[in-house]
Amino acid sequence: MMGRHLLRRRSESGQAAVESAIVFPGMIFMLLGILQLTMMQQARLMTEFAAYQAARAGIVNSLRKADMVLAAEMALIPTRPSIPYSDSLLGSLGLGGLPDDLLKIAEQALIVHKVLNPLSKSFFDKEVISVDILNPTKADFNGKDEIEFDATQDGFAVRRQSQLTIRLTYFFPLRIPFANWLLFESWLAAQGGIKLVGWDPAHPKINYGSGPLSVGIEWPADVRLAMELQGNKTPNCYNGISSGTMTRLAIWAATGNFYFPLVTTHTMRMQSNPFNTDGLLDSPPDCSGG
């Protein structure tokens, strides 16, 4: 009886070990995904706040774009990894002599502003944190140097000219292993109008057909990437991400560096006269074509 009991316990122990070996990797992947999605949600909320801060800086500073970008960079510091720095670097950025609490904030923002943004512009054709002014446009000035922010004339056109609308783009770094690739690949495929299927995340298949005739075909990674980028060749006027930027994001992802573009807009009535400065669009973006 004792031997039979020990044999049963060993069998149950072996079964539990097998079940754990099957379930444990899935639990790890699920936890990694939840952690990455939580970080993305925080970044999304902070991007909304940064757009508000950028718009607020613009309405009181005559649409000065540099002020708007810096305000957005300061707001997004909590979402970024800490950047190592040296005293010589801080001195070159004009941060010498600041109190410690202000120094920690200022050094991160200015390193993004003066180091990362120029590097990102040369590679992605867009800064890590960028602000585009969608309204007012150059056409609204119509030969004038400025627009009255408190114009009382009736009509939507006049009221629109006194409102600042900006689009904030933030290339959020995905830093959680496995989850970063899975989320980026899913987003890139969705942007290209491609449906990925299959149970193995490491070998996604592209779905063809519908209903009983649908079939999933696994293509090599480089072929799948080319198909996704082909579907993304027409820029989306809503998010302002060009096909060139899409391609560069995908190339950068191939090196193990994943950046997810978070894009939002904000509108605020101006509190000072906007001047005809650089950075304005010729006309509002036309999204009628999708």
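This is a predicted model: local features need pLDDT of at least 70, side-chain atom pairs count only at pLDDT 80 or more; totals for chains, interfaces and linings use all residues.
User: Contact means heavy atoms within 4.5 Å. With that set, which residues is Ser162 in contact with, leaving aside neighbours within four places in sequence?

Analyst: Ser162 contacts Glu148, Phe149, Arg269 and Met270, once those neighbours are set aside. Residues are numbered from 1 along each chain as its sequence is written, and side-chain values use heavy atoms, with hydrogens and water left out.

User: Where does Ser162 lie?

Analyst: Ser162 is in the loop between helix H6 (156-161) and S2. Helices (H or I, at least four residues) and strands (E, at least two) are DSSP runs, numbered from the N terminus.

User: Is Ser162 buried or exposed?

Analyst: Buried, with a relative accessible area of 3%. The classes are buried under 20% relative accessible area, exposed over 50% and partly exposed in between (1.4 Å probe, protein chains only).

User: Zooming out. How many helices and strands are in the chain?

Analyst: Nine helices and six strands. The chain has 290 residues, and 36% of them are buried.

User: What share of the contacts comes from residues 24 or more positions apart?

Analyst: 75%, taken over contacts with a separation of 6 or more.

User: Core next. Which residues touch the most other members of the largest nonpolar core?

Analyst: Leu164, Phe172 and Phe184, out of 44 residues in that core. H1 gives the largest share, eight residues. A nonpolar core is a set of buried Ala, Val, Leu, Ile, Met, Phe, Trp, Tyr and Cys residues joined through side-chain atoms within 4.5 Å.

User: What does Leu164 touch, not counting residues up to four places away?

Analyst: The partners include Ala55, Gly58, Ile59, Leu63 and Met68. Ile133, Asn135 and Pro136 are also among them.

User: Aromatics. How many aromatic pairs does the structure hold?

Analyst: Six. In one of them, the rings of Phe184 and Trp187 have centres 5.7 Å apart and planes at 50 degrees, so the pair is tilted. Rings of Phe, Tyr and Trp (its six-membered ring) pair if their centres lie within 6.5 Å; planes under 30 degrees apart are stacked, over 60 edge-to-face, the rest tilted.

User: Where do Phe184 and Trp187 lie?

Analyst: Both are in helix H7, three residues apart, about one turn of the helix. Phe184 is buried at 3% relative accessibility. Trp187 is buried too, at 12%. Phe184 and Trp187 form one aromatic cluster with Phe258 and Phe260.

User: Which other residues of H7 are buried?

Analyst: Ala179, Asn180, Glu185, Leu188 and Ala189 are among the buried residues of H7.

User: What span should H7 have?

Analyst: 18 Å for 13 residues at 1.5 Å a residue, and the end C-alpha atoms are 18 Å apart, which agrees. The expected span is 1.5 Å times one less than the number of residues. Just after H7, Gly193 has a positive phi of about 70 degrees.

User: Last topic. How many salt bridges are there?

Analyst: Four, where a salt bridge is a side-chain nitrogen of Lys or Arg within 4 Å of a carboxyl oxygen of Asp or Glu. Asp132 and Arg167 form one of them, at 3.7 Å, N to O. That pair links distant parts of the chain: Asp132 is in strand S1 and Arg167 in strand S2, 35 residues apart.

User: Are Asp132 and Arg167 buried or exposed?

Analyst: Asp132 is buried at 19% relative accessibility. Arg167 is buried at 10%.

User: What about Arg44 and Glu48?

Analyst: Their side chains meet in a salt bridge at 3.8 Å, N to O. Arg44 and Glu48 are four residues apart in helix H1, about one helical turn. Arg44 is partly exposed at 27%, and Glu48 is partly exposed at 34%.

User: And which residue does Asp67 form a salt bridge with?

Analyst: Arg64, with the closest N and O atoms 2.9 Å apart. Asp67 is partly exposed at 27%, and Arg64 is partly exposed at 45%.
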